[in-house]
Amino acid sequence: MKGSSSSKSEKTTTATRVALASLSAIVAETSTFPIDLAKTTLQLHHPSTLPINAFRVASDILRRDGPLGLYRGLSPAIFRHLFYTPIRIVGYEHLRTALPPDSTHSVPGKALAGGASGVIAQVVASPADLIKVRMQADGRLVSQGPQPRYRGLYDAFKTIVKAEGLGGLWRGVIPNVQRAFLVNMGELACYDHAKHLIIQNQVCNDNIYAHTLASIMSGLSATTLSCPADVVKTRMMNQNAGKGSEVMYRNSFDCLVKTVRFEGLKALWKGFFPTWARLGPWQFVFWVSYEKFRRIARLSSF
């Protein structure tokens, strides 16, 4: 009976963590989505056209579509985080506790746990991520004259499956997974380790100040590691591979090579500033919210 009661309590705790991670992710995603839209637009920008920056992208969208235009593609982004964030956050905690005692506080052990949880989460959430990228890219099509490809989340799902098959929903999954491994290795391991060091060295207690400092460090680390894979992922997922469509990149490696060859090595860090400008606030909002919600739910700190 005692074992059954313990198992039931553990399941309840896991379910609570999943719910709190999803809620915190929705708050963070909604708060920072306009920056993500600017980042995606910059990464899809071709060098043969006039140079742009994040501020010009935002002003163009506001002038053309109004404030609501800054939230084009928000619904699939939130839908994605209902799967992606709980799996990677709760998965990381389970993997962390499964590490050998000597590896529990080691950076390599945490990095491996973060990367592995990110890979699993991204494979599950990849269809929603693909729809998000394409709906964001539709904003650029509208500004050039053509009508958007998709009317909404369900229409995008139905259209992609019809034109590209069910496997089309996982187009770009390889660069997606590569990015997920890098970003979660940088984000989760860095946040966890940085917060541990901050508290251990008595810089501050386990409170909003520790969470803020740790989130800033993890945001910078995650952006530096993941930006090249993010550029490749965005370009791979945006290309339409339906019948009669011309495919620019055969695979993620081909995309990487062509991007460097035609645009230079710096192109792999296109959108670095808006990526970091988004990851920083996103992680601040997420981690502060998540840690606060956990405290309210009487769960231990992350």
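A residue counts as buried when its relative accessible area is under 20%. Alanine 189, at 6% relative accessibility, is therefore buried. The structure described here is a predicted model.

**Overall content**

The protein contains 9 helices and 0 strands, so that the order along the sequence reads α-α-α-α-α-α-α-α-α. It has 302 residues, of which 48% are buried. Among contacts with a separation of 6 or more, 77% are between residues 24 or more positions apart.

**Helix α6**

Helix α6 covers residues 173-200, which makes 28 residues. At 1.5 Å a residue the helix should span 40 Å, and the end C-alpha atoms lie 39 Å apart, so the two values agree. Just after α6, glutamine 202 has a positive phi of about 60°.

Alanine 189 belongs to this helix. Apart from neighbours within four places in sequence, alanine 189 is in contact with Tyr92, Lys110, Ala111 and Asn184. Its C-alpha atom is 7.9 Å from that of serine 218, a residue 29 positions away in sequence.

**Aromatic pairs**

The whole structure holds 11 aromatic pairs.

| Pair | Centre to centre | Angle between planes |
|---|---|---|
| Tyrosine 92 and phenylalanine 302 | 5.8 Å | 20° |
| Tyrosine 191 and tryptophan 287 | 3.9 Å | 10° |

Why do these pairs count as stacked? The angles of 20° and 10° are the values to compare with the cut-off. Planes under 30 degrees apart count as stacked, which is why both pairs receive that label.

The pair of tyrosine 92 and phenylalanine 302 links distant parts of the chain, 210 residues apart. Tyrosine 92 is in helix α3 (residues 74-98), while phenylalanine 302 is in the segment after α9 (272-296). Both tyrosine 92 and phenylalanine 302 are buried.

In the other pair, tyrosine 191 lies in helix α6 and tryptophan 287 in helix α9, so the pair ties together parts that are 96 residues apart in sequence. Tyrosine 191 has a relative accessible area of 0% and is therefore buried. Tryptophan 287 is likewise buried, with a relative accessible area of 0%.

Both pairs have their residues in one cluster, in which ring pairs link Tyr92, Tyr191, Trp282, Phe286, Trp287, Tyr290 and Phe302.

**Charges over rings**

Which charged residue sits over the ring of phenylalanine 302? The charged end of arginine 96 does, at 5.0 Å from the ring centre. Arginine 80 lies over the face of tyrosine 84, with a distance of 4.1 Å to the ring centre.

**Valine 90 in helix α3**

Helix α3 also contains valine 90. Is valine 90 buried or exposed? Its relative accessibility is 5%, so valine 90 counts as buried. Leaving out residues up to four places away in sequence, valine 90 touches Thr14, Arg17 and Val18. One of these, threonine 14, is 76 residues from valine 90 in sequence, yet the two are 7.3 Å apart in space, C-alpha to C-alpha.

Methods:
Residues numbered from 1 in each chain as written. Predicted model: local features only at pLDDT ≥ 70, side-chain atom pairs only at ≥ 80, totals over all residues. Heavy atoms only, no water. Helix = DSSP H or I, 4+ residues; strand = E, 2+ residues; numbered from the N terminus. Expected span 1.5 Å × (residues − 1). Buried < 20%, exposed > 50% of the residue type's maximum accessible area, 1.4 Å probe, protein only. Contact = heavy atoms within 4.5 Å. Phe/Tyr/Trp six-rings, centres within 6.5 Å; stacked < 30°, edge-to-face > 60°. Lys NZ or Arg CZ within 6 Å of the ring centre and 35° of its normal.
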